[in-house]
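Biologist: I'm new to this one, and I'd like to learn how to read it. Could you walk me through it feature by feature?

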Amino acid sequence: MSDLAGRLNITLRRYGGRLGVTIASTRPLAAPSVFAGRSAWETARRLPALFSICATAQASACAQTLEQALGLATDPETVSLRQALVETETVKEHLWRLLLEWPRLLGEAPSTAAMRQVLAAWGGLRSALADPQGPLVPGGGASGTSLLPAAVARLARVAETEVFGLPTRDWLAGTASAEAFLAWARDGRTGAARSVQAVARAGEAGLGACGIPALAHHDGSALAERLAGPAAVAFVARPDWDGVPRETGPFTRTRHLEPVAALVRAHGNGLLARQAAVLAEVAVLLSRLWVDTGAGLERASADLGAPVDCVPGVGIAQVEAARGLLVHRVELEPEGTGGGPPQDRLVRAYQILAPTEWNFHPQGVVARGLASLSPGVDDARLLRQAGLFVTLVDPCVDYELSLV
Amino acid sequence: MCLAIPARVVAMDPAADTATVALGTVTKAVSLALVEDVAVGDYVLVHVGYALSRISPEEADRTLALMAEVARCGDETTNPAGLGGEGAS
């Protein structure tokens, strides 16, 4: 059943006092091509149902790229609503990791009751967003978003009681240094705190640190050129920039914020800094969504809405999704081929470049990070360390981690 | 590019809070810990061993039809990353 969704097979191999890492993917990277021959509006309606894990980010990117290809103006309020919805989805996805995966790796029971609350709130919002005048439709408006504040409030309540153990604003103010962050972890009020404490106590703070650079912010033109080029299929499968794999995701977005920056200075971009990055992103996003503290994430948003010099009938969109930069590109058939209004224009080609392909590139951040682990520890410990690193970078598909 | 698969609930184990779901001839046990009010015959979206949400049979049919097209696309298109990485060391 997971064959349709694809999976990642990550294999660790000890040899000569070193650790070799192989990452193989069966992800269905050609999936977006099923929209070729469908109308623009059918594509916008059905694409998020297919890519349903980050359906909001996918829908937002799809709407933006189709609007660009069709030359439709986007209302600034709609742009803002889309961003808020995608950020709420990012919090929901991070809470999955924090409530289900982090406890499991620590040997604790997952917080399924809390995650059920998160999904119930999110599901209600998603149902309302099916409104054909909603912000996730090309040319759409604000319809269906009235549940957003309540959904954010519910996610915030879960985060505060189950993850931070205190109000979000207090967590942000109280963890502004590496020492303060570790003091919060030592209190051990939540599974997330105990997970951080376990890493620190085991001397694993810097494990997985590696030198893969962050994916820099590009204007859409440069990405459009790569995606339109003859090597586009290989680029989508194993993306690089200037010949170098790149990282994109919560760590690259928060690495300049405290306590992440301090932890990087002390330990490199290993396990501890990555744990802090996920927590900090949840806190900052909730604050921005709910309290608007003005704290900022590093992201490409300034570029996202900028017009790209695409030829008519071509669109490209970049969205900061939960796991990193998500890129959509569409080419429409020439006007008249489909006949009638813009929504009936037919799609000639549709491409998606997902963050998992950057981060799980065979020489990317996960491969290099895992290769830096010590092969000298026992199997169970090595697999636990590797599992935590993989979870912190966070693939959007099932994966199998094995040691041979 | 992250797919959750629609599948039909064919049996439930309330004590374990799990269900057996079917997609074609393939069956699988999934956790029901994250969803409420699921019954035999319902369609649910499945991801990494959890049922995520209920969906209507019509929505499930539409998504499965699209996934069948994706599977045919996959047969015709090589995924270079699927051939196995050369690894890092």
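Modeller: Let's start where the chains meet: 38 residues of chain B are in contact with 45 residues of chain A, contact being C-beta atoms, placed from the backbone, within 7 Å. Keep in mind that this is a predicted model, where local features need pLDDT of at least 70 and side-chain atom pairs count only at pLDDT 80 or more, while totals for chains, interfaces and linings use all residues. Residues are numbered from 1 along each chain as its sequence is written, and chains are lettered from A and ligands numbered from 1 in the order in which they are written.

Biologist: Which element gives the most to the side of chain B that touches chain A?

Modeller: Helices (H or I, at least four residues) and strands (E, at least two) are DSSP runs, numbered from the N terminus. On this side of chain B, H1(B) gives the most, with ten residues. At least two residues each come from helix H1 (57-76) and from strands S1 (5-13), S3 (26-31), S4 (43-47) and S5 (50-55) of chain B.

Biologist: How do the residues of that side divide by class?

Modeller: Ala, Val, Leu, Ile, Met, Phe, Trp, Tyr, Cys and Pro count as nonpolar, Asp, Glu, Lys and Arg as charged, and the others, Gly among them, as polar. Here there are 22 nonpolar, eleven polar and five charged residues.

Biologist: Now helix pairs. At what angle do H2 and H3 of chain A pack?

Modeller: Axes are lines fitted to C-alpha atoms, for helices over the stretch in contact, and angles run from 0 to 180 degrees between N-to-C directions. Helix H2 (residues 40-50) and helix H3 (residues 55-70) of chain A pack at about 165°, with axes 8 Å apart. Over 145 degrees counts as roughly antiparallel (under 35 is roughly parallel, 65 to 115 roughly perpendicular, the rest oblique), so H2(A) and H3(A) are roughly antiparallel. Among the residues making the contact are Leu47(A) of H2(A) and Leu66(A) of H3(A). The contact has ten nonpolar, two polar and no charged residues.

Biologist: And what about H5 and H6 of chain A?

Modeller: Helix H5 (residues 112-128) and helix H6 (residues 148-164) of chain A pack at about 170°, their axes 9 Å apart. That makes H5(A) roughly antiparallel to H6(A). The residues of this contact divide into nine nonpolar, two polar and two charged; Trp122(A) in H5(A) and Arg154(A) in H6(A) are among them.

Biologist: How should I read a sheet?

Modeller: Strands of a sheet pair through backbone hydrogen bonds, either parallel or antiparallel. For two strands to pair, DSSP must find at least two bridges between them. One open sheet in chain A has three strands in the order S2-S1-S6, with mixed pairing. Its edge strands, S2 (18-25) and S6 (399-403) of chain A, each pair on one side only. Five bridges join strand S1 (residues 8-15) of chain A to S6(A), and these strands run parallel. Asn9(A) stands opposite Glu400(A) in S6(A). Helix H18 (residues 379-393) of chain A lies across S1 and S6 of chain A, at about 150° to S6(A).

Biologist: What is the pairing in the sheet S3-S4-S5 of chain A?

Modeller: That open sheet of three strands has antiparallel pairing. Strand S3 (314-321) and strand S5 (347-353) of chain A each have a single partner strand, so one side of each is left without a neighbour in the sheet. Eight bridges join S3(A) to strand S4 (residues 324-332) of chain A, and Ala321(A) stands opposite Gly324(A) in S4(A). H3(A) turns up again here: H3(A) packs on the sheet, touching S3 and S4 of chain A, and its direction makes about 155° with that of S3(A).

How values were computed. Contact = placed C-beta atoms within 7 Å.
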